[in-house]
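Dear colleague,

I am handing over the structure we spoke about, together with some notes on what turned up in it. Please look through the sequence and the coordinates before reading on.

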Amino acid sequence: MSGDEATPAVGYAVQDAVATLTMDQPHNRNALTPALMAGLARAWNPRWPTRRSGRRADEQRAGVLRGRRPVRREPRGPRPGAGAGKRRGGARRDGLADLLAAIQDSTKPVVARIAGHCVAGGIGLAAACDISLADDTAKFGFTEVRIGVAPAIISVVCLPKLRRADALELFLSGERISAARGAEVGLITRAVPAADLDAEVTAVVARLLAGGPSALAAAKRLVYTIPGMDREAAFTRTTEVSQALFASAEAAEGMAAFREKRLPSWALPPSES
């Protein structure tokens, strides 16, 4: 039995309505193997399956993606991302494409916690997540060109976040950049001191849980769909979304809570378990 078969590729835990998925292959620096990608994609799809947790889907309101620290430091030089060398004729859809789409198509907000190096396919995960926080010692790099390939699949989620000038420099040079630079170019949300990373992730998730679940899903979808629409279609679509939300029970509860100076029902502190 191989190491990937003997050890689950993805750790899964739910606490206080937050699902945490841990990429758990430190022996190969959490490379995006088929097993790891399949485990993540099963967790983050539009239906948010919850059979392993025993909780209803609507009880899980946010996700955190993290990786277990590698057992040794990453060696110098580029390493291939997921999907390298996997095409053998034809245009078969890659498992990485399915995973990135599942994260962005999920109705739940997904936060990436990034500690350590993040290269090749890993950058795609960081870019696909709705909010990505990295410790200030992390390094990022589109290293594919240095082994003779290109960051093709991950470009779908990375390019919307980058200026063309930054994308060209990073894609063509293969240079590794700091977390601070990654935030500056829009690849991640922000870099924080390593000692503060967990506290900052917790604070971000708490702010997400203060929002109405349906409102969060709608807000996330707006960000991913409206920029690609023409103006008239965008106004038509957003008018429909706005009217549906204002007429919802969730909005009625939110406005009542505002008037009564109390927290809405979805934002109540989690019960002790």
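A salt bridge here is a side-chain nitrogen of Lys or Arg within 4 Å of a carboxyl oxygen of Asp or Glu. By that rule the side chains of Arg-231 and Glu-232 qualify, with N and O 3.6 Å apart, and Arg-231 is exposed at 63% relative accessibility. Please bear in mind throughout that this is a predicted model.

The count of salt bridges comes to twelve. Glu-200 takes part in a salt bridge with Arg-190, at 2.5 Å from N to O. This pair links distant parts of the chain, since Glu-200 belongs to helix H8 (residues 197-209) and Arg-190 to strand E9 (residues 190-192), ten residues apart. Glu-200 also forms a salt bridge with Arg-207, where the closest N and O atoms are 3.8 Å apart. Elsewhere, salt bridges that share partners join Arg-163, Asp-166, Glu-169, Arg-181 and Glu-184 into one network.

Turning to the aromatic side chains, a search of the whole structure finds one aromatic pair. The rings of Phe-142 and Phe-171 have their centres 4.6 Å apart and their planes at 55°, so the pair is tilted; the planes would have to be over 60 degrees apart to count as edge-to-face. Because Phe-142 lies in the loop between strand E7 (139-141) and helix H5 (155-158), while Phe-171 lies in helix H6 (residues 164-173), the pair ties together parts that are 29 residues apart in sequence. Both Phe-142 and Phe-171 are buried.

A word on confidence belongs with all of this. The chain averages a pLDDT of 81, and 78% of the residues score at least 70. Over residues 1-7, however, pLDDT stays under 50, and the model has six contacts beyond four places in sequence for them. Residues 74-90 likewise stay under 50 in pLDDT, and for these the model has 33 contacts beyond four places in sequence. Where pLDDT is low, the predicted coordinates should not be read in detail.

How values were computed: Residues numbered from 1 in each chain as written. Predicted model: local features only at pLDDT ≥ 70, side-chain atom pairs only at ≥ 80, totals over all residues. Heavy atoms only, no water. Phe/Tyr/Trp six-rings, centres within 6.5 Å; stacked < 30°, edge-to-face > 60°. Helix = DSSP H or I, 4+ residues; strand = E, 2+ residues; numbered from the N terminus. Buried < 20%, exposed > 50% of the residue type's maximum accessible area, 1.4 Å probe, protein only. pLDDT = per-residue confidence, 0-100. Contact = heavy atoms within 4.5 Å.
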